[in-house]
Amino acid sequence: MLAAITRKLKELTRMLGTRPYYGFVTGHGYLTEAQVTEVRRVLESPTQAAGTVAEYERRFAAVVGDGRGLATAGGRMALFATLRALGVGAGHEVILPAFTCSVVASAVLRTGATPVFTNVDPATFGTDPNAVAKAITPKTRAIIAQHSFGIPCRVGELRALADGCGAALIEDCALTVGSTRDGVAVGNTGDAAFFSTDHSKPMNTVVGGFFYTRDAGLYDAVADQLTNAPTLPEAQQRRLFGQFLLERRLARPASYGLYQLAMLGKSVLRRLSDPGMTFLDDDYVVERTGAYAYPARLPAVLARIGLFELDRWPAEAARREALLQRYLTAAYGTPLAAHLPAAYADPALRIVAHRLAFTHPRADALKSLMDARVHTAWTWFMDPVVGARAGLASLGYAAGACPVSERVGTQVLNWPCVVEQGAEDMLLEFFAQVARQA
């Protein structure tokens with residue numbers, strides 16, 4: 001415990017003394033005071049809730065494709081509702097990569113089904129069709145096609161495998177919005193897709209998720225589950241609004257150390273006074289407090305934030321594509337170029353990058369260099385199932401079961417592409433310095 005506290009204090013000291021510092025969360029610094037007032041007005045006016053959420057659902061779905069969607073309080077809840085609508089339950093298996101978050105596995109476990117973990121594809125950091133083919137059994141009822149860091153996985157091959165065994169294909173788009181493979185946007189090849197919009201994801205509504213499908217029957221089945229589902233408690237919505245204000249003010253490169261200091265203070269306060277949870281803590285095997293419904297709908301106040309995110313999405317997506325290309329240009333001609341995944345050179349892909357990801361045999365040494373200006377404590381996915389607070393075995397993962405995923409996890413590095421506008425140049429200059437030492 002003492003070592004962890006010492007490490008955290010050293011980390012905070014470094015962040016507080018360095019500006020700009022690039023973090024895992026980028027707040028809504030682009031919003032005007034008038035727009036913040038509009039978000040507050042929705043929080044205080046429940047009568048607007050249905051219309052605000054319905055507009056958000058329509059517009060988010062339109063960004064993905066020509067299907068329809070429903071907003072949830074978390075991406076895991078969208079996955080859970082989808083699995084339930086598909087009839088997945090006890091005695092069934094759901095295949096997913098061992099390069100994922102614990103909340104995905106817990107959503108599967110909540111249905112009564114068994115998660116079956118497979119090796120990740122090092123070329124895309126997504127679901128590997130070759131590994132999936134070996135994992136299919138007569139019990140397989142769903143395959144999760146994960147698109148990581150903005151990179152589309154080999155989803156067409158996964159579609160063929162799902163069709164061949166009679167399983168549903170569900171696209172995990174938690175880290176990817178707008179990217180395409182062979183001209184088809186992620187989310188449109190599977191039977192359904194789920195997205196996450198929490199504060200670390202491509203679109204930021206502080207917490208949130210989204211279910212999307214082009215199948216009218218499946219939409220109706222999920223709507224039956226979610227239409228009358230409760231939203232988050234009012235007290236939690238107010239805490240989330242407070243988090244939104246905090247992040248707008250401090251979760252920026254010029255003040256990221258102050259943001260981390262404030263988050264540490266909130267953590268201590270919660271331990272001392274138990275003011276209630278803000279974020280949606282969830283681990284299937286950890287005792288649940290009943291603090292919020294599962295599944296729950298997205299509150300209107302967060303949908304209002306999401307509408308502002310959608311307003312700027314076309315320009316923001318183009319900026320992230322351009323930032324990725326600037327990263328790659330800086331890497332070419334340096335030792336780092338040899339460690340970039342094949343996906344970045346694949347002409348079939350349009351990548352709206354969430355993070356630049358690659359592996360390196362000296363990952364720890366590079367992280368030490370990165371820490372001078374980039375927060376690496378939240379690097380995805382160093383563990384095969386990130387966030388398993390009670391241990392990997394608690395979510396059904398056996399150590400050594402997916403050696404490729406475990407090796408990739410020890411070597412993975414990723415740099416942010418969700419960066420406040422105007423803060424890119426110094427980040428790229430620093431990236432080039434690290435790349436030359438790779």
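Trainee: Is His147 buried or exposed?

Mentor: His147 is buried, with a relative accessible area of 1%, where buried means under 20% relative accessible area, exposed over 50% and partly exposed in between, using a 1.4 Å probe and protein chains only. Keep in mind that this is a predicted model, in which local features need pLDDT of at least 70 and side-chain atom pairs count only at pLDDT 80 or more, while totals for chains, interfaces and linings use all residues. Residues are numbered from 1 along each chain as its sequence is written, and side-chain values use heavy atoms, with hydrogens and water left out.

Trainee: Where is His147 found?

Mentor: His147 is in the loop between strand 7 (140–146) and helix 7 (155–165); helices (H or I, at least four residues) and strands (E, at least two) are DSSP runs, numbered from the N terminus.

Trainee: And what lies 2.9 Å from a polar atom of its side chain?

Mentor: That is the backbone nitrogen of Cys153. Leaving aside neighbours within four places in sequence, His147 is in contact (heavy atoms within 4.5 Å) with residues including Glu171, Asp172, Cys173 and Val186.

Trainee: Changing topic, how many residues of helix 5 are buried?

Mentor: Eight of the nine residues of helix 5 (residues 102–110) are buried, which leaves the helix mostly covered. The buried residues run through Ser102, Val103, Val104, Ala105, Ser106, Ala107, Val108 and Leu109, and helix 5 is followed by Gly112, whose phi is positive, near 95°.

Trainee: At what angle do helix 4 and helix 5 cross?

Mentor: The axes of helix 4 (residues 75–85) and helix 5 cross at roughly 30° and come within 9 Å, where axes are lines fitted to C-alpha atoms, for helices over the stretch in contact, and angles run from 0 to 180 degrees between N-to-C directions. Helix 4 and helix 5 are therefore roughly parallel to each other, given that angles under 35 degrees count as roughly parallel, over 145 as roughly antiparallel, 65 to 115 as roughly perpendicular and the rest as oblique.

Trainee: Which residues make that contact?

Mentor: Helix 4 brings Arg76, Leu79, Phe80 and Leu83, and helix 5 brings Val103, Val104, Ala107, Val108 and Arg110. By class, the contact of helix 4 with helix 5 has seven nonpolar, no polar and two charged residues; Ala, Val, Leu, Ile, Met, Phe, Trp, Tyr, Cys and Pro count as nonpolar, Asp, Glu, Lys and Arg as charged, and the others, Gly among them, as polar.

Trainee: How far apart are the axes of helix 2 and helix 9?

Mentor: The axes of helix 2 (residues 33–44) and helix 9 (residues 234–250) are 11 Å apart, and the helices pack at an angle of about 170°. That makes helix 2 roughly antiparallel to helix 9. Their contact includes Val36, Val39 and Leu43 of helix 2 and Phe241, Phe244 and Leu245 of helix 9, and its residues divide into six nonpolar, one polar and five charged.

Trainee: What about the backbone: which residue does a cis peptide bond join to Tyr294?

Mentor: The cis peptide bond joins Tyr294 to Pro295, with omega about 0°, and Pro295 lies in the loop between helix 10 (256–273) and helix 11. The peptide bond from Trp380 to Phe381 is cis as well, with omega near -15°.

Trainee: Last one: what is the phi of Asp182?

Mentor: Asp182 has a positive phi of about 55° although it is not a glycine, and Asp182 counts as exposed at 61% relative accessibility. Val206, also a residue other than glycine, has a positive phi near 75°, but Val206 counts as buried at 0% relative accessibility.

Note on methods:
A polar contact is a pair of N or O atoms within 3.5 Å; within protein, one must be able to donate a hydrogen and the other to accept it, and residues adjacent in sequence count only if both atoms are side-chain atoms.
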